[in-house]
Every structure is written in C-alpha cells, then in structure tokens.
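Colleague: I am new to this structure and would like a close look at a single part of it. Please take me through that part slowly, and then on to its surroundings.

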Amino acid sequence: MKQLTVDLGERSYPIYIGDDLLSQGALLQKHIPGKSALIVSNETVAPLYLSKVSAVLSGIRHESVILPDGEVYKNLEILNRIYDACLKHHLDRNTTIIALGGGVVGDMAGFAAASYQRGVNLIQIPTTLLSQVDSSVGGKTGVNHALGKNMIGAFYQPRAVIADTRTLNTLPERELCAGLAEIIKYGLIRDRPLFDWLNGNLDALLRRDPQALAYAIEVSCQIKADVVAADEHESGQRALLNLGHTFGHAIENAMGYGQWLHGEAVGAGMAMAARMSQQLGWLSQADGEAVIAQIARAKLPIHAPAEMNIDQFLELMAVDKKVLDGVLRLVLLKDIGNAVVTNDYSESQLRAAIQSSYA
Ligand SMILES: NC(=O)c1ccc[n+]([C@@H]2O[C@H](COP(=O)([O-])OP(=O)(O)OC[C@H]3O[C@@H](n4cnc5c(N)ncnc54)[C@H](O)[C@@H]3O)[C@@H](O)[C@H]2O)c1
Ligand SMILES: [Zn+2]
C-alpha cells in the first residue's frame with residue numbers, strides 16, 4: 001500500500017492507494033471518530049462494493065443511502081435524500097459520511113458532509129479512475145444547477161481518501177479511459193517524467209495492471225495534493241488543473257452532458273490546447289504531436305466535434321467559470337510538463353486553433 005498526505009495544516013489527511021484496501025477494515029475504522037456512519041453510494045456501485053465496506057464496519061452503527069446513477073442526478077433534489085437519511089437515522093454531528101462511488105457520489109456526499117449540521121466527518125472511497133486521481137482529492141464538493149454545472153458547492157476536505165485499485169476491475173473501459181485523461185493532464189502541466197512514463201505504460205494501464213495503476217494514481221495524487229496544498233481555494237496555480245477543461249466544458253455543454261464523458265471532452269480539449277500552444281510558437285511541432293499521440297493512445301478523442309462551430313466554442317468558453325473580469329484565461333503549454341494560465345493570445349489565434357482541431 002502507498003500512502004500520501006495532503007498537507008493542509010491541522011486539516012491534513014492521508015490518501016491510501018493499493019490493491020484490495022476495501023478489505024482492510026482497520027484503515028477505514030481509524031478515520032471514523034464517532035460511533036455512527038452513513039455510506040452514500042449509487043445503484044451501480046452499491047451491489048458491487050457496499051457489502052464489503054459494510055462488513056468491515058462492525059462495531060460502528062452504519063446506515064446507507066443509495067442514489068440513482070448519473071450526472072443528471074447530481075442536483076439538490078437528489079442531494080436531499082442524503083439529508084433525509086441523516087435525519088431519519090438520527091445521525092449526530094459526530095457522524096461520518098462515507099462516499100463510495102465515482103465523482104458524482106463523491107461530490108454529492110462531500111457537499112452533504114460539508115453542510116449537514118454545518119459539517120460532519122467525510123471519508124472518500126473513490127471507485128472510478130477519475131475520482132481516484134482527481135475528484136476525491138482536494139475538497140471540491142457540490143451539485144449542479146439547471147443553469148450551470150457544479151454551481152452549488154463548498155470546499156470541504158475529507159479525513160481520508162481510500163483508493164482501492166481492485167475496484168477498477170469492474171469499471172467500463174470508456175470510464176477507465178476518461179480517467180486516463182486526467183492522468184495525462186498531470187504529466188502535461190507539471191511532470192515531463194510522468195509523460196514519458198505514460199508513453200511506455202499506457203498499454204499496461206489499459207490492461208489494468210495493478211502495479212501500473214497504483215503508480216499512476218500515486219503520482220497523480222501527489223501532484224494534485226501539492227497543487228491543492230499550495231492553493232486550496234483556486235486563487236492561483238490550482239487553475240493549471242484546468243488544462244483542456246475550458247475547451248472540454250464547451251464540448252460537454254454543447255453535446256449534452258453524458259454524451260461525451262468529462263474525460264473524453266478533456267482529452268479533445270487538451271489536444272486543442274496543444275495545437276494552440278504549437279501555433280503560438282510555444283510548443284515545438286514534435287512535442288505537440290507527441291502530446292496528441294498520447295491522448296489518442298489512451299483511446300480518447302483528439303478532435304473537436306463536427307457538430308460544433310467556432311462561434312459556439314467561443315460563446316460557451318466565455319461562460320465557463322474561469323472567465324474573470326471578462327478576460328478568458330486559458331491554460332496552455334510552454335513545454336511538456338510546463339503549463340501557464342494566460343490571456344496572452346488574440347481571438348483570431350484562438351479561432352485558428354479551433355479551426356485546426358476538426359478532423
Ligand atoms: N470535486 C472535484 O474536484 C472534481 C474533479 C473532477 C470531476 N468532478 C466531478 O466528478 C464527476 C465525474 O466523476 P466520474 O468520472 O467518476 O463519474 P461517475 O461518478 O458518474 O462514475 C462513472 C460511472 O461509473 C460507475 N462506476 C463507479 N465506480 C464503478 C466501479 N468500480 N465499477 C463499475 N462501475 C463503476 C458509476 O456508477 C457511473 O455510472 C462529475 O460530476 C465531475 O463534475 C469533481
Ligand atoms: Zn477534469
């Protein structure tokens with residue numbers, strides 16, 4: 001088992017990564033301070049893993065609430081079911097909410113933990129690759145509003161994150177690849193050696209080799225933990241984690257959430273950012289091509305969807321929440337392993353980059 005720490009002073013917490021961690025009851029129990037817990041999961045994950053988590057909670061009064069599966073249910077109405085369960089079971093301020101599932105469950109359970117009785121303990125047990133390398137770490141929680149994704153939420157850190165690589169064996173391949181997009185992102189923004197390692201090990205990851213997965217998750221979580229420790233509330237360098245996301249959010253939004261997975265849109269978005277960085281003369285031709293080739297090898301899209309035109313991109317990118325004071329800041333690459341947040345480009349350069357991104 002590997003263990004990392006997210007260093008946030010007295011709110012610091014461990015991330016455990018390894019094979020079959022769900023069977024290690026002591027790991028979970030150690031981070032439950034009170035006598036009760038509520039496991040939040042969904043219809044897909046609960047039949048696979050709820051009994052396992054439940055079995056190691058002997059001695060702790062625990063209840064569960066099973067949410068419907070899907071991004072469309074990440075809203076206030078369904079969130080209320082978690083509060084209903086808390087109140088129905090008389091859970092007090094000392095209770096622990098355990099998120100068992102992907103990023104949707106993690107974001108919802110996290111926000112419930114942030115707000116129920118002004119904050120109760122939270123443990124994240126992420127079961128998708130994306131949630132293991134990204135959403136379970138860093139404390140962003142929340143739900144969607146009909147008028148905007150992730151618009152209602154809070155920063156709220158868990159007490160521990162337990163990433164069991166064995167749970168990834170049941171993950172559909174498309175979801176696995178979507179998680180790879182975020183791992184590729186970490187290499188591109190901060191870690192050239194990770195980029196090179198991925199070139200040699202993507203096939204092992206696609207085969208779900210447990211050692212390769214544990215390594216990739218560890219390196220990714222370390223980068224996310226470092227960035228979060230330096231900038232918990234995204235006032236500065238945490239914005240680098242949005243590489244590919246401004247293009248990607250526009251794609252998700254235009255195509256309808258759920259048509260393109262988030263990681264797929266980020267894959268295409270990173271390819272677009274790489275092309276733009278190339279065209280601005282920041283990234284060499286060869287490096288730009290290597291970036292796009294790596295995204296493609298992870299079975300992710302590298303082109304803008306034909307259904308979207310350039311004006312639609314510009315319009316949707318402008319409503320992305322990263323627009324501050326009316327200026328659209330983009331994360332672009334100065335080099336592989338070196339990203340910057342910048343508005344040092346013209347609209348015609350942005351248009352040209354989008355134009356060159358159609359298949
Ligand atoms: N909080 C953050 O910092 C942050 C960061 C990135 C993304 N997010 C959010 O995360 C969400 C996406 O997360 P996701 O990609 O994990 O999607 P998800 O939670 O929808 O999970 C994807 C699918 O896999 C299923 N699943 C989960 N674990 C499984 C397993 N082990 N075996 C089989 N099936 C399994 C789920 O039920 C779902 O159908 C989005 O809502 C996004 O906004 C949050
Ligand atoms: Zn993302």
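In which sense do strand E2 and E9 pair, and over how many bridges?

Modeller: Please keep in mind that this is a predicted model. Strand E2, which covers residues 13–18, pairs with E9 in the parallel sense, and the pairing runs over four bridges. Within this pairing, tyrosine 16 has isoleucine 162 of E9 as its bridge partner. E9 also pairs with strand E6, residues 121–126, again in the parallel sense, here over two bridges, and the bridge partner that glutamine 124 finds in E9 is valine 161.

Strand E9 itself spans residues 160–164 and is mostly covered, since five of its five residues are buried. In a regular strand the side chains alternate between the two faces of the sheet. For E9, Ala160, Ile162 and Asp164 lie on one side, Val161 and Ala163 lie on the other, and with all of them buried both faces are covered.

From here we can turn to a loop residue. Glycine 139 sits in the loop that runs between helix H5 (129–135) and strand E7 (140–145). Glycine 139 counts as buried because its relative accessible area is 4%, which is under the 20% that sets the limit for buried residues. Apart from neighbours within four places in sequence, the residues in contact with glycine 139 are Tyr13, Ala154, Phe155, Tyr156 and Gln157. By contrast, 18 Å separates the C-alpha atom of glycine 139 from that of asparagine 75, which is 64 residues away along the chain.

The last part of the picture is the ligand. Ligand 1 is surrounded by 26 residues, of which Asp69, Glu71, Thr127, Thr128 and Thr170 are the closest. This shell is made up of seven nonpolar, ten polar and nine charged residues. Among the residues that approach ligand 1, asparagine 42 has a polar side-chain atom 3.0 Å from an oxygen atom of the ligand, while an N or O atom in the side chain of lysine 149 is 2.8 Å from a ligand oxygen atom. For asparagine 150, a polar side-chain atom lies 3.4 Å from an oxygen atom of ligand 1. On its own, ligand 1 has 870 Å² of accessible area, and the protein covers 88% of this. Two or more residues of the shell come from each of helix H2 (45–55), helix H4 (103–115), H5 and strand E8 (148–155).

Notes: Residues are numbered from 1 along each chain as its sequence is written. Chains are lettered from A and ligands numbered from 1 in the order in which they are written. This is a predicted model: local features need pLDDT of at least 70, side-chain atom pairs count only at pLDDT 80 or more; totals for chains, interfaces and linings use all residues. Side-chain values use heavy atoms; hydrogens and water are left out. Buried means under 20% relative accessible area, exposed over 50%, partly exposed in between (1.4 Å probe, protein chains only). Contact means heavy atoms within 4.5 Å. A residue is near a molecule or strand if one of its heavy atoms lies within 4 Å of it. A polar contact is a pair of N or O atoms within 3.5 Å; within protein, one must be able to donate a hydrogen and the other to accept it, and residues adjacent in sequence count only if both atoms are side-chain atoms. Accessible areas come from the Shrake-Rupley method with a 1.4 Å probe; for residues, only the protein chains shown count as cover. Ala, Val, Leu, Ile, Met, Phe, Trp, Tyr, Cys and Pro count as nonpolar, Asp, Glu, Lys and Arg as charged, and the others, Gly among them, as polar. Two strands pair if DSSP finds at least two bridges between them.
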